[in-house]
Amino acid sequence: MTGATAAARPATGPAREPAPVAGPAGELEALLDARPDVFSAERSGELDRAEELPADACALLDAFGLPAYYVPAEAGGRLDDHELLFHLLRTVAVRDLTVAVAHGKTYLGAIPVWVAGDPGQARRLGARITDGARVSWALTEPGHGADLLAGEVSARPADGGYRLDGVKWPINNATAGSHLCVLARTDEAGGPRGHSFFLVDKAELPAGSHRPLPKARTHGIRGADISGIAFEGARVPASALVGREGGGAETALLGLQLTRTVCASLSAGAAEHALRLAVRFAGERVIQDRPLIERPNVRAVLARAAGALAAVEAAGIVGARAVHGLTGEMSVISAVVKALAPTLTDRMLGDLAELLGSRAFLTREYASGAFQKLQRDHRVVGIFDGSTVVARNALINQFPRLVRGHAAGSRDVAGLAVTARAGTPPGELDWARLSLVSRTGCSVVQGLRPALDAAAKGAVTKGGAALEGAEPLVGGVLAAVDAVHGRMAAIRPSARPDIEAFEVAADYELCFAAASCLHLWAAGAADGSADGALWLRAALRHLLEGLGRAPDPDPADDERIAGLLARAVAEGRPLSPFRGDQDGERT
């Protein structure tokens with residue numbers, strides 16, 4: 001086959017050497033590529049084995065100015081586009097997931113202040129973050145897991161402020177961070193209105209009123225600071241209260257709608273890193289005088305992985321842009337993206353591990369153990385910010401609204417247009433539009449058929465061209481969307497949904513990913529060439545397999561995709577058709 005056997009870079013080289021991309025993400029790529037002493041498989045492996053925080057890598061990201069993209073523009077930062085934040089963190093994650101987790105945690109930690117803090121509080125914290133302060137989100141406690149309302153850390157009135165007592169664990173950046181957003185019980189009775197957030201500067205706490213808890217030893221992200229903090233009569237001023245007293249649970253749920261979408265950037269980065277390693281291996285590994293990549297079964301594995309990567313990235317980009325365009329629907333969209341991206345990526349990593357064989361488990365010999373490290377690292381993404389079960393439970397709670405919205409064909413036309421035009425400025429985020437429930441359902445899924453009708457009529461030339469050859473797959477997606485909503489309608493609301501409800505939620509996620517791919521293509525936000533159509537078919541084929549509607553195999557597509565992957569790896573080009581930061585002006 002042509003191109004599939006192209007020589008790849010040595011396995012010990014950098015995880016990714018992409019072609020130049022304009023804009024902040026391209027600038028960050030260029031900086032990280034120029035520092036192989038900091039971002040290399042060898043260095044990452046050493047730090048992982050030592051369970052050491054990647055301080056030099058974090059310092060390099062600080063020097064680039066990445067913390068400013070964690071701070072909204074109105075608070076003095078550069079965050080005015082969550083799609084750009086997706087690409088920036090993905091750029092880090094594709095090289096070392098531990099670094100992305102350790103550094104990006106500040107965005108998650110500060111989110112209660114962006115959601116509910118007063119303008120002065122937000123500006124003060126924004127200034128500290130842009131200067132390099134690390135912020136931890138102190139939500140979880142020993143023995144309570146995801147049950148935030150069971151939290152026992154208390155905040156009682158004292159001397160015109162509050163006294164904090166109790167333990168937060170395990171939380172990221174608890175020891176290395178300088179600030180924490182602490183969810184504490186302000187009403188002894190607890191309940192939905194019994195908790196509040198406090199922005200705590202550890203440097204301002206009285207001596208002896210807090211102590212760090214030891215770093216937890218973890219299977220993956222071994223270098224991240226997963227530890228805890230114990231408060232013992234820690235006095236904080238009244239100004240430390242974030243939002244209104246009793247509003248902590250609501251603030252946490254609204255904040256999760258943004259942080260959950262950011263997690264998709266971690267999955268997309270890990271997925272591309274793994275696929276690059278697998279393609280490189282398949283091109284180099286020769287058995288019986290033939291590289292593995294020439295074998296049909298190997299090409300099929302790589303094509304499925306390419307489809308999974310495209311689906312994860314499409315859903316992640318749509319989720320990030322929906323923060324701006326479909327803000328009121330984020331209670332649904334964030335839950336879907338958070339459950340989908342890690343699940344698809346973990347399955348993809350499992351398939352690629354079988355292809356790599358023993359090299360997927362060796363800690364030093366192949367690419368300095370990069371694959372086994374990223375596979376271990378990524379397993380934690382499914383737990384972050386509410387596990388997959390928690391996210392799916394949140395989705396199940398909104399099944400009735402989604403069913404009604406689908407039946408009525410309701411959608412936010414203007415918001416969906418903004419969401420689908422990846423790579424363009426998404427407009428200002430109105431934080432007040434975040435809502436605990438989506439009154440309009442999910443426009444991404446509900447608006448799919450009208451968007452495809454418009455593309456078929458030539459309303460978007462580039463999108464229409466990209467859909468050529470994918471018509472049977474598109475028909476399969478539309479049929480699956482209808483069928484899944486039929487199953488959703490048959491599920492009765494319950495405080496404790498049964499396993500069938502969770503299975504239907506998982507299928508809805510696949511429908512959302514397929515809809516995301518098709519919206520991006522129909523809007524002309526992806527490669528509209530013949531190669532772009534190939535990527536679209538790979539993604540839809542992979543998602544339909546997950547929905548139990550597997551189309552007939554297409555060995556010709558598998559061969560072409562394997563060739564594209566081999567050339568992209570050899571030439572340092574992207575493995576995905578979605579590159580929203582191609583234009584520095586994002587126009």
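Where is the place of Asn-173? In this predicted model, Asn-173 sits in the loop between S3 and strand S4 (179-185). Its phi is near 70°, a positive value in a residue other than glycine. Asn-173 counts as buried, because its relative accessibility is 1% and the limit for burial is under 20%.

Asp-159 is another residue that is not a glycine and has a positive phi, here about 55°. Asp-159 belongs to the loop between strand S2 (154-158) and S3. With a relative accessibility of 73%, Asp-159 counts as exposed. Strand S3 itself covers residues 161-172 and contains Pro-170. The peptide bond that joins Trp-169 and Pro-170 is cis, with omega about -10°.

**Helix packing**

| Helix pair | Axis angle | Axis separation |
|---|---|---|
| H5 (residues 97-116) and H6 (residues 119-130) | about 165° | 10 Å |
| H8 (residues 296-325) and H20 (residues 555-571) | about 75° | 8 Å |
| H17 (residues 471-489) and H19 (residues 530-546) | roughly 40° | within 10 Å |

H5 and H6 pack at about 165°, and are therefore roughly antiparallel to each other. The crossing of H5 past H6 is left-handed. On the H5 side the contact is made by Thr-106, Ala-110, Val-113 and Trp-114, and on the H6 side by Gln-121, Ala-122, Leu-125, Gly-126 and Ile-129. By class these residues are six nonpolar, three polar and no charged.

H8 and H20 pack with an angle of about 75° between them, which makes H8 roughly perpendicular to H20. H8 supplies Arg-299, Ala-300, Leu-302, Ala-303 and Ala-306 to the contact, while H20 supplies Asp-558, Glu-559, Ile-561, Ala-562 and Leu-565. The contact of H8 with H20 has seven nonpolar, no polar and three charged residues. The spacing of contact residues along a helix can be read against its geometry: an α-helix has 3.6 residues a turn, so residues three or four places apart point the same way.

The axes of H17 and H19 cross at roughly 40°, and H17 passes H19 in a left-handed crossing. Leu-473, Val-474, Gly-476 and Val-477 of H17 meet Arg-537, Leu-540, Arg-541 and Leu-544 of H19. The residues of this contact divide into five nonpolar, one polar and two charged.

**Burial of helix H1**

Helix H1 spans residues 23-33, and its buried residues are Gly-23, Pro-24, Ala-25, Gly-26, Leu-28, Glu-29 and Leu-32. Helix H3 (55-64) and helix H4 (82-93) are included in what covers the buried residues of H1.

**Cysteines**

How many disulfides does the structure hold? The structure holds zero. A disulfide requires cysteine sulfur atoms within 2.5 Å. For Cys-181, the closest cysteine sulfur is in Cys-263 and lies 17 Å away, so this pair is too far apart for a bond. Cys-181 is also buried, with a relative accessible area of 0%. For Cys-442, the closest cysteine sulfur belongs to Cys-511 at 10 Å, again too far for a bond. Cys-442 counts as buried, at 0% relative accessibility.

Methods:
Residues are numbered from 1 along each chain as its sequence is written. This is a predicted model: local features need pLDDT of at least 70, side-chain atom pairs count only at pLDDT 80 or more; totals for chains, interfaces and linings use all residues. Side-chain values use heavy atoms; hydrogens and water are left out. Axes are lines fitted to C-alpha atoms, for helices over the stretch in contact, and angles run from 0 to 180 degrees between N-to-C directions. Helices (H or I, at least four residues) and strands (E, at least two) are DSSP runs, numbered from the N terminus. A crossing is left-handed if the near helix is turned anticlockwise from the far one by less than a right angle, and right-handed if clockwise. Contact means heavy atoms within 4.5 Å. Ala, Val, Leu, Ile, Met, Phe, Trp, Tyr, Cys and Pro count as nonpolar, Asp, Glu, Lys and Arg as charged, and the others, Gly among them, as polar. Buried means under 20% relative accessible area, exposed over 50%, partly exposed in between (1.4 Å probe, protein chains only). Angles under 35 degrees count as roughly parallel, over 145 as roughly antiparallel, 65 to 115 as roughly perpendicular and the rest as oblique.
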